[in-house]
Amino acid sequence: MTLSTIKIETAPNPKVSVIWMHGLGADGNDFVPIVKELDLSGCPGIRFVFPNAPHIPVSVNGGYVMPAWYDIRAADLLIREDEAGLRKSQTAIEEIIAIEKAAGAEKIILAGFSQGCAMALQTGLRQSTELTGLLCLSGYLPLSQLTGQERNPANQQVPIFLAHGRNDPVIVLQRATQSRDTLTSLGYQVEWHEYNMQHTVSLEEVTDIGNWFRRILKAL
């Protein structure tokens with residue numbers, strides 16, 4: 001499964017790639033506007049890659065076919081997780097990582113919102129390529145009981161930006177804090193952010209994301 005993508009470069013021949021996965025029912029265009037909102041001053045050239053998820057039936061939406069990285073079978077999110085779907089999309093994202101490396105990317109960051117956040121964690125923690133960071137917004141850690149045994153030591157030290165809205169009605173805050181605590185217990189470096197918002201992205205969060213990008217890329 002090869003995914004179509006939207007790409008934006010902040011400078012010619014960028015050496016950094018940010019692969020940013022959208023949420024359920026959206027597409028790669030969803031986070032394109034945020035690039036102009038980020039303060040990336042002092043950062044090296046970045047290629048932002050926005051993949052489009054496949055169209056699949058989603059159980060919680062009555063089987064309606066929509067862009068989704070994997071099926072959601074219950075509102076709880078953790079009941080009967082779509083392990084096959086998660087792994088299929090993981091493989092597709094790994095293909096994009098390989099493409100970006102072949103194109104000259106020396107540093108790769110995985111980012112995502114909601115389902116896309118879940119895919120960033122699902123893929124990034126199991127990835128043999130050493131990543132520069134994981135930007136995880138309004139999501140959760142999928143297949144959490146398998147993370148400890150399936151994680152790759154190459155990314156044990158990867159910086160993780162984990163952010164969530166306190167009033168999120170789609171993925172409740174408790175689900176995110178459980179993910180944070182699981183990651184922390186496994187020894188990961190988690191930078192935790194909470195915002196007074198629902199299932200969205202706030203201006204304060206965009207500022208923090210820009211600060212994080214500049215901090216982890218400043219040595220390049």
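This report describes the fold, the nonpolar cores, the aromatic pairs, the cysteines and some backbone features of one protein.

## Basis of the description

The structure is a predicted model, in which local features need pLDDT of at least 70 and side-chain atom pairs count only at pLDDT 80 or more, while totals for chains, interfaces and linings use all residues. Residues are numbered from 1 along each chain as its sequence is written, and side-chain values use heavy atoms, with hydrogens and water left out.

## Overall fold

The protein contains 6 helices and 9 strands. The C-alpha atoms fill a box of roughly 45 × 35 × 35 Å along the principal axes.

Of the 220 residues, 53% count as buried. Buried means under 20% relative accessible area, exposed over 50%, and partly exposed in between, with a 1.4 Å probe and protein chains only. Among contacts (heavy atoms within 4.5 Å) between residues at least 6 apart in sequence, 73% join residues at least 24 apart.

## Nonpolar cores

In soluble globular proteins, nonpolar side chains tend to be buried together. A nonpolar core is here a set of buried Ala, Val, Leu, Ile, Met, Phe, Trp, Tyr and Cys residues joined through side-chain atoms within 4.5 Å. The largest such core has 39 residues, of which Leu110, Leu121, Leu134 and Ile160 touch the most other members. Two or more residues each come from strand 2, helix 2 (83-102), strand 6, helix 3 (115-124), strand 7 (133-137) and strand 8 (159-165). Another core, of 27 residues, lies apart from the largest one and includes Val16, Leu40, Phe50 and Phe113.

Beyond its neighbours within four places in sequence, leucine 121 is in contact with Arg126, Leu134, Cys136, Tyr140, Leu141, Pro142, Ile160 and Leu183.

A pair of aromatic rings is described by the distance of the centres and the angle of the planes. Rings of Phe, Tyr and Trp (its six-membered ring) pair if their centres lie within 6.5 Å; planes under 30 degrees apart count as stacked, over 60 as edge-to-face and the rest as tilted. The whole structure holds 8 aromatic pairs. Tryptophan 20 and phenylalanine 48 make a tilted pair, with 6.4 Å from centre to centre and 40° between the planes. Tryptophan 20 lies in strand 2 (residues 16-21) and phenylalanine 48 in strand 3 (residues 46-51), so this pair ties together parts that are 28 residues apart in sequence. Tryptophan 20 counts as buried at 1% relative accessibility, and phenylalanine 48 does so at 0%.

Phenylalanine 31 and phenylalanine 113 also form a tilted pair, with ring centres 5.5 Å apart and planes at 45°. Phenylalanine 31 is in the loop between strand 2 and helix 1 (34-37), and phenylalanine 113 is in strand 6 (residues 107-113), 82 residues apart. Both of these phenylalanines are buried. One aromatic cluster is formed by Trp20, Phe31, Phe48, Phe50, Phe113, Phe161, Trp212 and Phe213.

## Cysteines

A disulfide is a pair of cysteine sulfur atoms within 2.5 Å. By this rule the count is 0 disulfides. For cysteine 43, the nearest cysteine sulfur belongs to cysteine 136 and is 18 Å away; cysteine 43 is buried at 18% relative accessibility. The sulfur of cysteine 117 is 4.5 Å from that of cysteine 136, its closest cysteine sulfur, which is too far for a bond. Cysteine 117 is buried at 0% relative accessibility.

Serine 138 lies in the loop between strand 7 and helix 4 (144-150). Its phi is near 50°, a positive value in a residue other than glycine, and serine 138 is buried at 0% relative accessibility. Leucine 143 is found in the loop between strand 7 and helix 4 and has a positive phi of about 45° although it is not a glycine. Leucine 143 is buried at 7% relative accessibility.

Threonine 147 is placed in helix 4 and is buried at 0% relative accessibility. Not counting residues up to four places away in sequence, threonine 147 touches Leu125, Arg126, Leu141, Pro142 and Leu186.

How values were computed: Helices (H or I, at least four residues) and strands (E, at least two) are DSSP runs, numbered from the N terminus.
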